[in-house]
Amino acid sequence: MKAEYTTLSTKGQIIIPAEIREQMKLAAGTKLSIQRDGQTLILRPITPEFIDSLCGSTKGLGKLRDAMHRHDEER
């Protein structure tokens with residue numbers, strides 16, 4: 001795994017390097033989940049697969065899944 005580096009802006013924003021965005025097919029407007037695990041931050045794109053992996057872990061997940069599928073159909 002190759003290390004990449006970025007800087008946190010004064011507004012709390014980061015830039016994901018282009019190579020990673022291209023490899024992961026991330027486009028402007030892609031929603032991301034961010035989790036903290038000790039001193040590690042984990043970013044995950046919110047995709048239908050990600051939402052399905054949460055099934056049963058949160059209340060109201062069906063509404064989120066339906067909204068994501070509606071958004072996909074509009075594209």
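Student: At its relative accessibility, does serine 33 count as buried or exposed?

Tutor: Serine 33 counts as buried, because its relative accessibility is 13% (buried is under 20% relative accessible area, exposed over 50%, and partly exposed in between, with a 1.4 Å probe and protein chains only). This is a predicted model, in which local features need pLDDT of at least 70 and side-chain atom pairs count only at pLDDT 80 or more, while totals for chains, interfaces and linings use all residues. Residues are numbered from 1 along each chain as its sequence is written, and side-chain values use heavy atoms, with hydrogens and water left out.

Serine 33 belongs to strand 1, where helices (H or I, at least four residues) and strands (E, at least two) are DSSP runs numbered from the N terminus. When neighbours within four places in sequence are set aside, serine 33 is in contact with Ile42, Leu43, Arg44, Ile46 and Phe50 (contact means heavy atoms within 4.5 Å). Of the 75 residues of the protein, 9% count as buried.

Strand 1 covers 32–37 and strand 2 covers 40–45. The two run antiparallel and are joined by 6 bridges (two strands pair if DSSP finds at least two bridges between them). Across this pairing, leucine 32 stands opposite proline 45 of strand 2, and glutamine 35 has isoleucine 42 of strand 2 as its bridge partner. The hairpin has 2 residues between the strands, and glycine 38 takes a positive phi near 65 degrees there.

Leu8, Ile14, Leu32, Ile34, Leu41 and Leu43 make a nonpolar surface patch of about 580 Å². Patches are made of residues with over 30% relative accessible area and no salt bridge; like charges are joined within 9 Å, and nonpolar side chains (Val, Leu, Ile, Met, Phe, Trp, Tyr) within 5 Å. Strand 1 and strand 2 each supply at least two residues of this nonpolar patch. Another of its members, leucine 8, lies in the segment before helix 1, and leucine 8 counts as exposed because its relative accessibility is 58%. Isoleucine 14 is also placed in the segment before helix 1; with a relative accessible area of 43%, isoleucine 14 is partly exposed.

Side chains of opposite charge can pair when their charged atoms come close. The count here comes to 2 salt bridges, a salt bridge being a side-chain nitrogen of Lys or Arg within 4 Å of a carboxyl oxygen of Asp or Glu. In one of them, glutamate 4 pairs with lysine 2, with the closest N and O atoms 3.5 Å apart; glutamate 4 is partly exposed, at 31% relative accessibility. Glutamate 19 also forms a salt bridge with lysine 2, and the closest N and O atoms are again 3.5 Å apart. That pair links distant parts of the chain, since glutamate 19 is in helix 1 and lysine 2 is in the segment before helix 1, 17 residues apart. Glutamate 19 is partly exposed, at 39% relative accessibility. Through shared partners, the salt bridges join Lys2, Glu4 and Glu19 into one network.

As to the whole chain, the protein has 3 helices and 2 strands, and its elements run α-β-β-α-α from the N terminus on. Among contacts between residues at least 6 apart in sequence, 4% join residues at least 24 apart. The accessible surface comes to about 6,700 Å², of which 54% belongs to carbon and sulfur atoms; accessible areas come from the Shrake-Rupley method with a 1.4 Å probe, and for residues only the protein chains shown count as cover.
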